[in-house]
Amino acid sequence: MIARPFRTALATLSFLAPVALSGQATAPTTLIRGVRVFDGATTLGIRDVLLRDGRIATVAVRIAPPVGAIIIDGANRTLFPGLIDAHTHAYGTALRDALPFGVTTELDMFTEPGEARAKRAEQKAGSVSSRADLFSAGVLVTAPRGHGTEYGMAIPTIAAPESAQAFVDARIAEGSDFIKIIFDDGSAYGRQTPTVSRATLGAVIRATHARKKLAVVHVGTLADARAAIDEGADGLMHLFLDRAPDSEFGKFVTAHRAFVVPTLSVLRSVAGAANGDRLAADDKLSPYLSLGGRGTLLATFPFNSTVSYAAAEQTVKQLRAAGVAIHAGTDAPNPGTAHGISMHRELELLVEAGLTPVEALAAATGAPARAFALTDRGRVATGMRADLVLVDGDPTTSIVATRAIVTVWKGGVTLDRVEVARTIAAQRASGGAPTLGLVSGFDDGTTTSTFGMGWMVSTDQMAGGKSSAVIGVADGGASSTAKSLDVKGVVAPELPYAWSGVMFMPNTVPMAATNLSKAREIRFWARGDGATYKLMVFAQSKGRAPITKEFVAGADWKEFVFSISSFDGIDGHDIQGIAFTAGPTAGVYAFRLDEFRIQ
């Protein structure tokens with residue numbers, strides 16, 4: 001399942017995450033003293049925990065504080081590993097939105113592969129302390145016109161088992177960390193959707209295992225689940241709602257050594273039961289909930305379902321009794337869920353379905369880390385990453401205590417949750433309207449922006465083209481500024497409307513309309529190879545086609561100013577994106593941007 005905002009974005013443009021690294025903070029030496037420790041599997045009791053250089057240096061009953069160490073009082077508090085959401089769709093600000101709620105890692109089950117590649121490159125270069133880490137399936141495996149093709153993005157599909165190895169190898173070449181397969185004809189929800197044959201399902205699983213990767217399967221019915229496990233799937237990425245499990249299902253899954261990510265939060269939403277209102281009203285959580293997150297959390301599915309959530313609860317009880325490994329995943333940001341915050345509801349639902357609080361915590365920390373071979377996280381142990389959460393109270397006896405977050409550490413760096421709350425409060429006070437003026441100066445060495453999603457690659461690949469682009473921050477800018485945005489790429493000749501370049505989205509939800517009606521102009525500096533480039537503005541009221549102006553990026557820096565009204569008379573109330581692109585003429589290009597303003 002994939003949220004509707006993602007559908008809207010993919011129907012319009014392909015986008016990638018910024019290539020440049022986010023600013024890094026230094027991880028100080030920190031001693032957490034006298035804290036109850038849940039280590040990812042069990043409760044250790046009261047311990048001291050020393051963090052140094054972004055890692056857990058020591059866990060012991062008593063540790064002498066190093067000179068200059070920050071001392072944190074752990075009395076009446078619990079420390080546990082950063083939460084791992086084992087089923088999300090991470091795009092835009094998802095990873096940043098997740099971190100204040102203690103989710104330090106997301107396992108993405110379908111996103112644009114270039115975006116996932118860029119985020120993994122940031123992680124490899126060093127701890128990205130301002131957001132959760134990402135591991136991704138990239139493009140899912142589905143049949144022609146199957147689930148995953150309905151979102152407006154042209155994706156590869158598979159029609160026969162003979163194509164399995166080449167198909168899997170292509171996904172791995174794109175950077176997929178694991179392979180996700182759709183085996184669901186939509187019948188559980190009153191729909192008819194093409195899906196891969198069982199022979200193709202089995203062939204893809206075998207091809208995945210031949211490359212030593214995990215094969216996980218999206219299913220819709222009990223019959224689908226049995227078939228996927230029987231064909232060798234490593235895990236199920238949803239439970240089923242079409243019927244209660246047969247009496248032997250749990251033992252069947254155990255015998256095949258598979259794991260299950262129930263995604264109870266989204267299944268409740270599919271079944272028509274409210275989820276998000278309780279989270280949005282919780283004063284321990286709501287101050288950190290972004291406007292975009294609030295929107296998806298309070299949303300509902302656009303169809304009437306006759307399925308019963310009770311079947312999922314009954315299945316979880318049976319799986320637990322059979323000893324099946326259960327992992328916590330939310331399927332955020334589908335309707336009724338949001339990144340980060342929904343993990344706390346997922347834990348509560350797992351406990352309501354029969355897990356103990358300790359088992360639920362393990363399902364969100366140590367268990368998925370083991371299953372997905374994330375060997376550096378998921379545990380409070382010497383040498384592990386210092387991705388940690390400190391809460392008041394004891395979630396090993398009352399799972400809702402996970403909501404009482406005191407501190408979140410990402411790579412040993414403390415997240416400033418006070419500043420997060422302050423920023424979100426300001427957004428709410430302004431009704432979400434951004435502060436106009438300088439949007440990006442790039443002098444901090446990043447592609448971030450004062451509002452919106454920052455800067456992303458935009459190419460014609462989503463429409464079947466082969467154009468490409470790379471963005472980064474380079475030394476030297478306009479008017480003697482320190483740095484500027486460097487955009488390079490190739491416009492390929494496959495499409496008559498080919499394009500390649502960079503895009504700014506003013507909303508934290510991809511291609512969502514943003515009210516910029518107070519703005520009068522777009523202003524920026526540019527230089528380049530002397531070619532003519534396009535400035536494209538997307539407005540919801542104008543449909544999918546952008547309104548285009550041209551500018552020449554010459555050898556010297558030049559400032560360009562375009563009035564908002566010059567774009568076909570728009571008033572700025574529903575701006576979705578602003579792109580700078582080359583094309584449709586094929587060839588190599590290069591240009592720079594600096595001092596981008598909307599004012």
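I take a salt bridge to be a side-chain nitrogen of Lys or Arg within 4 Å of a carboxyl oxygen of Asp or Glu. The model is predicted, so I noted that local features need pLDDT of at least 70 and side-chain atom pairs count only at pLDDT 80 or more, while totals for chains, interfaces and linings use all residues. Residues are numbered from 1 along each chain as its sequence is written, and side-chain values use heavy atoms, with hydrogens and water left out.

I then checked burial: D387 and R385 are both buried. Buried means under 20% relative accessible area, exposed over 50%, and partly exposed in between (1.4 Å probe, protein chains only).

I next looked up D486 and found its side chain in a salt bridge with that of R592, at 3.7 Å from N to O. This pair links distant parts of the chain, 106 residues apart: D486 lies in strand β20 (residues 483–491) and R592 in strand β27 (residues 587–598). Strands (E, at least two residues) are DSSP runs, numbered from the N terminus. I recorded D486 as buried, with a relative accessible area of 16%, and R592 as partly exposed, with 23%.

I found a further salt bridge between the side chains of K542 and D568, at 3.1 Å from N to O. Here too the pair links distant parts of the chain, 26 residues apart, with K542 in the loop between β23 (532–539) and β24 and D568 in the loop between β25 (558–563) and β26. K542 counts as partly exposed, at 34% relative accessibility.

I traced shared partners and noted one network of salt bridges that joins D133, D376, R377, R385, D387 and K410. The count by this rule comes to 30 salt bridges.

I turned to the sheet. Its 5 strands form an open, antiparallel arrangement in the order β18-β21-β26-β23-β24; two strands pair if DSSP finds at least two bridges between them. The edge strands, β18 (455–459) and β24 (547–552), each pair on one side only. Neighbouring strands of this sheet are turned by 25 degrees against each other on average, direction ignored; the axes are lines fitted to C-alpha atoms, and angles run from 0 to 180 degrees between N-to-C directions.

Within the sheet I examined β21 (residues 500–504) and β26 (residues 575–582), which pair in the antiparallel sense over 5 bridges. I located S500 opposite A582 in β26.

Note on methods. Helices (H or I, at least four residues) and strands (E, at least two) are DSSP runs, numbered from the N terminus.
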